[in-house]
Amino acid sequence: MDRSRASVFYIDNWRVTPEEGMLSRGDETTRLEPKTMEVLVYLASHPHEVITRDELEQRVWHGALVGYDAVTNTIIKLRKALQDNARQPHIIATIPKKGYQLIASVDYPASEASPAGTDTGLPTGTGVISVKSRSWSRLKTRAVILAMMMMAGMILLWTVLSPEYVPPRSDNLATLPSIVILPFENLSDDHKQEYLASGITDDIITDMTRLSNIRVISGNTSSIYKGRHISSRKIAADLNVQYILKGSIRQVNGRIRINTQLYNAKTGFNVWAQRYERRVNEIFSVQDEVTQKIAKSLTIKMSPQERIRLTQRATDSLKAYDFFQEGQRLALPRTGQALRQARVAFKKAIEYDPNYGRAYGAIALTLCFDYLAGRVDAPVEVLDRALQLAEKAVALDESVPQTYWALSFTHLMRKEYDKAETAVSRAISIAPNYADGYGLLALIKMYTGHPAQALELNSKGMKLNPYYSWEYLYTQGSAYYMQGNYAAAITMLEKAQQRNETIVQLRLILAAAYIHQNRQEDAEWQIEEIYTLSPATTISDIKKSTPFADPQFKQAFLNDLRQAGLKE
């Protein structure tokens, strides 16, 4: 049997060729991105079964840190390609609160689905075998899935062994005690308490990053262990840390129970364990106690400024806190709709606490993200509003790095490079372990024409955040593009795109890099995808919004986009 053709199958008259990433029907031909095709193949291997979002993230993205709506956006792309209707689906149905179901029949060419001598149960001359009537084709597709997973594993291994990969270690941090705060487990029956559990985790991490004499793993990395049962020794080995904090919360009748345990992963012993039972509105006091307990147990030396910062809180309002956490989750995909929904949540947080600095900064960032994606009609006014909000965020709360991060990013979008660097440097001085601070400083260095410094700073952020998000890969790929190392740029940017396919700026740099590698078709396809995400994107818009400081480099970048097919 021809194994190279074994994965070809049909869905609702569409011919699917995974190896080529193509859908075809009559004269129609549609190309799918690799992850989108992998999702389709996985659904096809489980027809009429309800597949959860978590299952897709584990089986297709292999547990990698991806944008929150990566699965949702992939399903949207599939429906568009297959000309399916989400409200009246005939191919892919959404099962509320459960997942997705391939409701169309899946058929395989007989010559590919049944090896010689197999009784298909069909009359001689039958051209296809329905997956509903035979199990062999289902096994074949699962074999294809396994092969694809093996290939993904080989790619991951190549990445780890390649000279471009930055391992999660740091020589200058190796002598410091190191810790990862794992996501607190929600033991309440109310799923909404997930916000509270996530918020507690994030706040303890933020508090710990303010201390200079300890290495703290980023919350982005910590979050990948959410809901996964992995031994402490394995986590410690993966992240090269000595200590692990685990916790759980349960809210019942207006009271909250919090259990915490601090492990020395190298010895396997508990350093301490503590149970708290308080009124819900005392949750912030518990966070303070946990942070102080960690610092004391690890005998961390703190400066007077660090001691003061640990006693300062972002808010005392639990309602404001809940809405802020909801806004953080909603904003992750950075689509126009997601950012609008996030702004509503952040404004609700401000209604409950008008002095909530981080909420003002978060709104400023949503405006900047819309500006960067070309989704605003009055860019000057939008950036002016963003600056007002970011400056108010710092004025209200200068004790946390996130408010300075928002101010820095806003200055960057306004092309006020010195002010952007000053603000993010302040964030890093407040929180020496703030991985995203180094990531943003790297981004500023890249946009201002210092790619070598950008790579160095980005590497430091990646060491603090070993399971780094797409932003780090974007910065690294963009710096390589600026250096003229287009092959390395494409490698990094394609990895970034796999983790979040909704970022227009990422696709623009990738399209430009493809041009220099004579991959015109790939560049043009990226532009087509950009028009799907943001139909009004033009050269004129990119010229105004992209914060490259060097006019000559910006013009060369725009010329690459013209060649890729972006409209004036």
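Me: In which handedness of crossing does helix 13 pass helix 15?
Reply: This is a predicted model, so keep that in mind as we go. Look at where helix 13 passes helix 15. The crossing there is left-handed.

Me: Is helix 13 roughly parallel or roughly antiparallel to helix 15?
Reply: Two packed helices are described by the angle between their axes and the distance between the axes. Here the axes of helix 13 (residues 357-372) and helix 15 (residues 401-413) come within 9 Å and cross at roughly 25°. Angles under 35 degrees count as roughly parallel. Therefore helix 13 is, relative to helix 15, roughly parallel.

Me: How many nonpolar residues are there in the contact of helix 13 with helix 15?
Reply: On the helix 13 side you'll find, among others, A364, L365 and F369, and they meet a helix 15 set including W405, A406 and F409. Sorted by class, the contact also has five polar residues and one charged residue. The nonpolar count is ten.

Me: Does H48 count as buried or partly exposed?
Reply: H48 sits in the loop between helix 1 (34-44) and strand 5 (50-51). Its phi is near 65°, a positive value in a residue other than glycine. Buried would need under 20% relative accessible area, and exposed over 50%. The relative accessibility of H48 is 34%, so H48 counts as partly exposed.

Note on methods. Residues are numbered from 1 along each chain as its sequence is written. This is a predicted model: local features need pLDDT of at least 70, side-chain atom pairs count only at pLDDT 80 or more; totals for chains, interfaces and linings use all residues. Side-chain values use heavy atoms; hydrogens and water are left out. Helices (H or I, at least four residues) and strands (E, at least two) are DSSP runs, numbered from the N terminus. Buried means under 20% relative accessible area, exposed over 50%, partly exposed in between (1.4 Å probe, protein chains only). Axes are lines fitted to C-alpha atoms, for helices over the stretch in contact, and angles run from 0 to 180 degrees between N-to-C directions. Angles under 35 degrees count as roughly parallel, over 145 as roughly antiparallel, 65 to 115 as roughly perpendicular and the rest as oblique. A crossing is left-handed if the near helix is turned anticlockwise from the far one by less than a right angle, and right-handed if clockwise. Contact means heavy atoms within 4.5 Å. Ala, Val, Leu, Ile, Met, Phe, Trp, Tyr, Cys and Pro count as nonpolar, Asp, Glu, Lys and Arg as charged, and the others, Gly among them, as polar.
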